[in-house]
Amino acid sequence: MKEKTTHLKFFGIGKILPFLKKVRGMILCMVGLGLVSSGVDIILPMFQRYALNHFIGEKTFDTIVIFIVLYVLTLLIAAVVNYISCAQATIVEMRVSRELRQRGFDHLQTLSFSYFNQNSVGYIHARLMSDTARIGTLVSWSLIDCVWRISYLVGAIGMMLYLNARLALMVLTVLPLLVVLFALFQKKLITVNREIREINAKITGNFNEGITGAKTIKSLAVEQEMEDRFCAETANMRAATVRASRLRGLFAGTMTFASSVALAIVLWKGGYIAQEEIGTFSVFMSYAQGMMEPLRWLVDVASDLITTQVNIERFTNLLAVRSDVEDSPEVVAKYGDSFHPIKENWEPIKGDIEFRDVTFRYPDGEENVLEHFSLKIPFGTHLAIVGETGAGKSTLVNLVCRFYEPTEGKVLIDGADARDRSQLWLHSSIGYVLQTPHLFSGTVRENLLMGNPEATEEQLWDALRVISAEEMVKRLEKGLDTDVGEGGDLLSTGEKQLISFARAVLADPKILILDEATASVDTLTEAKIQAAMESITQGRTSLMIAHRLSTVRNADVILVVKDGKIVEQGNHKELLRKKGYYHALYTRQYEDEATARILS
């Protein structure tokens, strides 16, 4: 991409050329139609010249029929060309916007968690929606306008030079002034428009937080604080927009003044021409006035181009972001990527996991979370990771899932470095139940089928039955066909958790990750899930992140995490006998639960 576009830096247009390949033919058609349309508009004043000189000046109507026929035919051509041009521009705008959004969305799917941790939803949404929309407008309506107006300017100048070179050159003396004015204002307008786009992204983010966090805002009674934040951002937007409008107004005023000088020259010198040929004077007046509109348009489009340059920069910068976790070219060639997998080359996953001398530090961290850590997790092992909130329990799981990669050392899956296989190969064999469950818009059935698109009705109910969710789904208004709402918001947190649990079980993964999987369900349901845990974890390697230690008693291995470090490991009985940190945690939780039962 770079080698084809680095020489095309004007307004960043070169950066988006690779996305226009599918509409290249339509764009060329638009350019051709624009040239025809401007040609028609250049010819029309010549009809006026002929009519004034011949019908009025010579006082004869011998060619009136031919004149009318040609004139009407020219107008019909203009109408047809303009209709087709508008239709083509609309199609190009929609296709380019769709292509950009598809490429941007696909690219987001390849980025690691760190990118989403550092950028808000509103920030990303602005790049994928508003920025792409402006780029789509640029390569459609702005392009066709540009072709028409510039070709009209060139054609009008050519005709004026042909009719009266001396007067035409006097009119053209204003053009260098326009170029100088444009150069002076461009840099300032780019700066202020870039600032506007950044503020707009923040406002979009505030909108998103205000909507998605509505319950939290009301429960905390922080409506006034949210309003103050929003008002502060909109005040910044107003100040930046006013500043940009003043610059644009000053730019437009000076450009309009300069273009008006051209018309004044025609009026001043036009009297001498009118004495000789009134038709030529009329043509010059038409061209001089006609040039005013393209010149005014150039003022507006120059500002729009400067604004769109910021949109192009923001969008291409998004595409330039590289993931912290990437498959090597050799791996992609053999196993494919997330969108084009080569499944026939995928080795079957058994579920053996090994940490071999792993040192890990988060991309934005300064201290190592793991140092020279080694651990073998044979297939079928039930591993639990426990510790207080914020202790760093998710680090090992993130490494197993290859959401992050070791700073040093290796994570082996079935004896092979995970980096020697594709991410999709690994993720396709992992079932993950999050502490905060997420469902997609649609029905319960559609969410379950994401775990296994080919599952039968019986398999869906079997998965629900295993995790004690069958009765819960039957109580819903439409059962499996009940709409869950955006993010599952029409269901309770516990109901969402059970469905996400069933979805993971339905996928029949070789590696099952349970991240506080029972934290959002009631005590009775939790007890049922715990009773079914043996069958759920049978035939697969399971890693459970747990805060309630009562849920990990039967784990084969328990890793105890404190301050981001693994301080103890062993099974439940071994760790209690050590009377170390795990013993202290377990005793404290047991006392707290016992006290709660007595008080209740």
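**Exercise 1.** State how the span of helix α3 (residues 24-57) compares with the expected value.

*Solution.* Helix α3 has 34 residues and reaches 49 Å from its first C-alpha to its last, close to the expected 50 Å at 1.5 Å a residue, where the expected span is 1.5 Å times one less than the number of residues. Helices (H or I, at least four residues) and strands (E, at least two) are DSSP runs, numbered from the N terminus. After α3 comes K59, with a positive phi near 55 degrees.

The model is predicted, with pLDDT of at least 70 needed for local features and 80 or more for side-chain atom pairs, while totals for chains, interfaces and linings use all residues. Residues are numbered from 1 along each chain as its sequence is written, and side-chain values use heavy atoms, leaving out hydrogens and water.

**Exercise 2.** Give the strand order of the open sheet, and explain why β6 and β10 each have a side without a neighbour.

*Solution.* The order of the six strands is β6-β7-β8-β3-β9-β10, with mixed pairing; two strands pair if DSSP finds at least two bridges between them. Because β6 (430-433) and β10 (565-570) stand at the edges, each with a single partner strand, one side of each is left without a neighbour in the sheet.

**Exercise 3.** Describe how β9 pairs with β3 and with β10.

*Solution.* Strand β9 (residues 557-562) runs parallel to β3 (residues 382-386), joined by four bridges, and V560 in β9 is the bridge partner of V386. With β10, β9 pairs in the antiparallel sense over five bridges, and K562 stands opposite K565 in β10. β9 and β10 form a hairpin with two residues between them, and D563 in the turn has a positive phi of about 50 degrees.
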